[in-house]
Each structure stands twice: as structure tokens, then as C-alpha cells.
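These are my notes from going through one model, entry by entry. The sequence and structure come first, then what I looked up.

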Amino acid sequence: MKKWISGVMTASLLFSSAIFAVPSVAHGEGYETEDNGNMANATPITVNDTYRGILRDDSDVDYYKFSLNQPGLVTFSLPNKSQSGGRIEISIIDKNGNTQADLVNNPTSAYDMVENSVGLAAGDYFVKVKTYDYYVKNEPYSFTLSFKPGNTYEQEPNENLAEATLVNVNNVIEGVIESDSDDDYYKIILPKPGKLTFTMPNEGTNKKISILTKNHGELAYFYTDNKSAYEAFTASVGLPAGEFYIKVEDNDWRISNSPYQVELTFKEGDNYEKEFNDSLRTADPIKLNSEIEGFVKNEYDKDYYKITLPQPTKVKVLLSNTGYSKYVSIYDKDNNKLTSFSTDPSTDYDGYYTEIGLNKGEYYIVVEDNDWHIFNDQYTLTVTAPKPSVWWGKVKLVKGQIGKVTVLKDTYLWKMDAKGKLTSVRKLKKGEELRVYSYKNGMYGVGGGYYVKKDAAVKYETPSKTKLKQLEEINKYYN
């Protein structure tokens, strides 16, 4: 992503033809200051301006130095004009002399100028101007250097994981693939689990984009195809919290200075498959009575999910009938297949399912390709089972409950409005029990905006540790 060359067919107002007729350079702002033949003596310049100089012969090299106090996109352009007919090369280099981007003009081109862009971090950089041909003599030149601050641009160098450009999700990042050997890496940090969707417009040369772990494990990918009618390509992957990398690379074997954009969209949530989950050992634990969105990335991808049953029950496994045909299996912890089914998108069914009675224990659900040509296929997996109840007297103990009240003698149930005014709703009979979720100012909150007064007509109790542990165990495995 170091180069981006584009032609501008309009007449340029920035470059006067007089620049290319006078083999001398005035001294002052906007002009090179000799001797600037090395980085140590580079002419200091600022961005968002045009500069002029002269290459005396094919051994003359001119250096200019500029500084960026924040990251962003540097664009540099050079007119396609030459007094001698020779070409000129201009490069952006870092303080260590490494080339970040370059371009060469072409006086025979119909375009007025050539242009290139490169994302750079804050720091000191140099513009290097030299001849590209060996017959240049007293060749005047000019170049324009502009800067657009921002954190969504590729920052060279970023050719490996260690040099990856740090970016935020829910943004569009921009970069350039310089050649078929240029790989660009970006790093994202997810504080919570969720679904990452990455999209690239189907423009220019063909590219591959991948989501990687810090160990180079490939979690998801797609290829663009400029021969297709698609305007863009997209894929999604469920990820846990952590650090991940986006890799953009050539898929054309003839790529040169090809710009691109990648849109990164992240949606927090626990109801997504989390890669890698390709075996029983790495299975994604899910709760019963939950709906999971998953993705089969190719015909070799198998998605494993683990469920735990605290007691014997009947389990229903449903898979959406979308995309390609998929095969679903249920295994015990010893990898014995208990049952299976497949989907058939050629039918009108919304989904396919199976029901099976299972004993207490751990079980695994496997979703895989059944089509032999599947690619980045999304599905929805729903696993349901009757949720056990923890009874505490006459009421079920539920999450969020802090206690219960037992009516010792007839009293009233009250409704509180927004201003705190109480209105009696009905009479509570002796022996009734109600769950309590809150207590404030002498009133037990029993849910739904209803209250019971604290007095001798009711008895308040808190659940035992045994009951709380039973509820915690059930909520660990059920929604």
C-alpha cells in the first residue's frame, strides 16, 4: 500500500509552464536550498504547499524534510512535464532512509500529473527527488505535498503483525497495495465479544482480506473479483474479546499501486459463534434456550458448540434453512454420534430440527458443510430445552429476586405512580407469597411497579444459600 498513481486530465493551475523554461531557481520560500544533496542538509518544508527545484544532472539528488505532529494521509504529485524529456522520480522516505511511497512522472503521458498517497504516523519524513533517466540536465521540477490528518489511513510500514497499523472498529480504513509482494496489516482490540463484519468495495485489482489471530490463525476471509457484478464483498466472524489483525494482500499477481477501502463494523454480543471452535476440545460453550449466529467459511470448516445438561431432559436443535445445505450432528463427550440431520435450501422450510432425550451431562452440536462448495455461509442455530425451576414455597426463585413476602393476614397490594402516589390495587389474602425485587422507604417492590407495605401483616424472608446455588447452577446453562 505504498503507492497510488492516478492521472488528472484537467489543466493544472498549480504549475506554470515557466517553471520548465528557466534553468535556475530563486532562493526563498517554496524553493530548494542548496546544498540539499543528503538527509542531513535537507531543505525544511511544510505540508500543503508546492516546492520547486532543479536537477543539475543525473547524479543530483535533492532532499526535503517535513514533520507530522499527528498521523494521516500524505499526498504528493508531480507534473508530467520535462524540459529534457527525461523522467523524474520522487519518494517519501522515513528518517532511517526506508522508502514509504514513490512515483515517476511520464512526459509522454496525456495526463497533466501523477499522484501518490501514503498513510504515515506522526514523525519526521523526507521527500527525495532524483532523475529516473540518465540524460537529464538542468531539469526544473515542482511537486505538491498535501496532508489530511486522521487515524483511518494505513501507516507505513505495516508489512507484518509487529508493524500493524492500530485502527478502531466501526470505521472505514484506507490503504494502497503497492505490488504483488506488498501485504498490509491492521490491528484491532475488542474489549468485549461480538460479531465483526468486514466489507471491501469490488474496485480495482483483485485482493484478499483476512481476519487473523496474533498467531497468524486465519479466522475468516474473502476475495474480491472485479469480473463479477457485485459492488462489494463482505464476510462476518464471531470473535471473543482480544486482539485481532486484518490482512490485505494482492490476489492478482500483477497488482501495482492499487488503492482500497475496508469497512469494519462490530456488534457486541454473546450470541455469536466464537472462532476457533473446530473441535470438541475448542467447542464454543452456549446456553440452552439461546439463538446463535454462526458462519461456515468453507467446506473444511466445522463449528462445534458445547451444551451442559444439569438433569435429564429433551433437547430441540433447530438450524435455519438458509444459504447452502448444512449437516448438523449431536455427539456425546466420548465423540459418539447420537443423531443428525441436514438442511435443504431447495425446499420452502424455514428450518430443520431434531429432538432427542438426553441424560445429565455434556453434549456437542456440530454444524458443517453439506454442499462441497460452501463459502462464508451464515446460519442461525437455536437450542432449546425446558428450563428447570427452583421452587421456594409457593414461588419460583428467579434471577434478580432478593427475597419473598408471605401474607400473614389480609392486606393490600399497592401501585405507585411517577409522582410516588400509592393506589390500592387488590386485597392480598392470608397465605399468599410474592417475590421481592427491591426494598425502599418501608415498601417491598414485588415487580411491575407494585408494592407491599412493610408491617405486621407480612413476613419477609431471604432465600437460603442452597436455593441460591441451585438457581446459579441452572442459570449457568440456561437462558
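**Five-stranded sheet.** I traced an open sheet of five strands in the order β33-β32-β37-β36-β35, with antiparallel pairing. Its edges are β33 (422-428) and β35 (438-440); each has a single partner strand, so one side of each is left without a neighbour in the sheet. Neighbouring strands here are turned by 35° against each other on average, direction ignored. For that angle, axes are lines fitted to C-alpha atoms, for helices over the stretch in contact, and angles run from 0 to 180 degrees between N-to-C directions. I took strands (E, at least two residues) and helices (H or I, at least four) as DSSP runs, numbered from the N terminus. I counted two strands as paired if DSSP finds at least two bridges between them.

I then looked at one pair in this sheet. Strand β32 (residues 411-416) runs antiparallel to β33, and six bridges join them. Trp414 stands opposite Ser424 in β33.

**Source and confidence.** This is a predicted model, in which local features need pLDDT of at least 70 and side-chain atom pairs count only at pLDDT 80 or more, while totals for chains, interfaces and linings use all residues. Residues are numbered from 1 along each chain as its sequence is written, and side-chain values use heavy atoms, with hydrogens and water left out.

I checked pLDDT, the predictor's confidence in each residue, from 0 to 100. The protein has a mean pLDDT of 90, and 94% of its residues reach 70 or more. Over residues 1-28 pLDDT stays under 50, and the model has 90 contacts beyond four places in sequence for them; contact means heavy atoms within 4.5 Å. Where pLDDT is low, the predicted coordinates should not be read in detail.

**Four-stranded sheet.** I found a further open sheet, of four strands in the order β21-β28-β23-β26, with antiparallel pairing. β21 (290-296) and β26 (351-358) are its edge strands, each pairing on one side only. The twist from one strand to the next averages 20°.

β21 pairs with strand β28 (residues 377-384) in the antiparallel sense over seven bridges, and Ser290 has Val383 in β28 as its bridge partner. Eight bridges make the antiparallel pairing of β23 with β26. Lys316 stands opposite Glu355 in β26.

I also sorted the residues of β26 by face. Tyr352, Thr354, Ile356 and Leu358 make up the covered face, whereas Gly351, Tyr353, Glu355 and Gly357 make up the uncovered one.

**Cores.** I used "nonpolar core" for a set of buried Ala, Val, Leu, Ile, Met, Phe, Trp, Tyr and Cys residues joined through side-chain atoms within 4.5 Å. Buried means under 20% relative accessible area, exposed over 50%, and partly exposed in between (1.4 Å probe, protein chains only).

The largest such core has 31 residues, of which Val315, Val317, Ile365, Leu381 and Val383 touch the most other members. Two or more residues come from each of β21, β22 (302-309), β23 (313-320), β24 (326-332), β26, β27 (361-369), β28 and α1 (465-477). I listed the contacts of Ile365, leaving out residues up to four places away in sequence; among them are Tyr304, Ile307, Val317, Val328, Ile330, Leu381 and Val383. A second, separate core has 27 residues, including Val237, Phe244, Ile255 and Phe266.

**Helix α1.** Leu471, Ile474, Asn475 and Tyr477 are the buried residues of α1, and what covers them includes β22.

**Backbone exceptions.** I noted a cis peptide bond from Glu34 to Asp35, with omega near 0°; Asp35 lies in the loop between β1 (6-7) and β2 (43-44). Glu156 and Pro157 are also joined by a cis peptide bond, with omega about -5°. Pro157 is in the loop between β10 (139-149) and β11 (165-166).

His216 is not a glycine but has a positive phi of about 75°. His216 lies in the loop between β15 (207-212) and β16 (218-223) and is partly exposed, with a relative accessible area of 49%. Trp372, in the loop between β27 and β28, has a positive phi near 70°. Trp372 counts as exposed at 73% relative accessibility.
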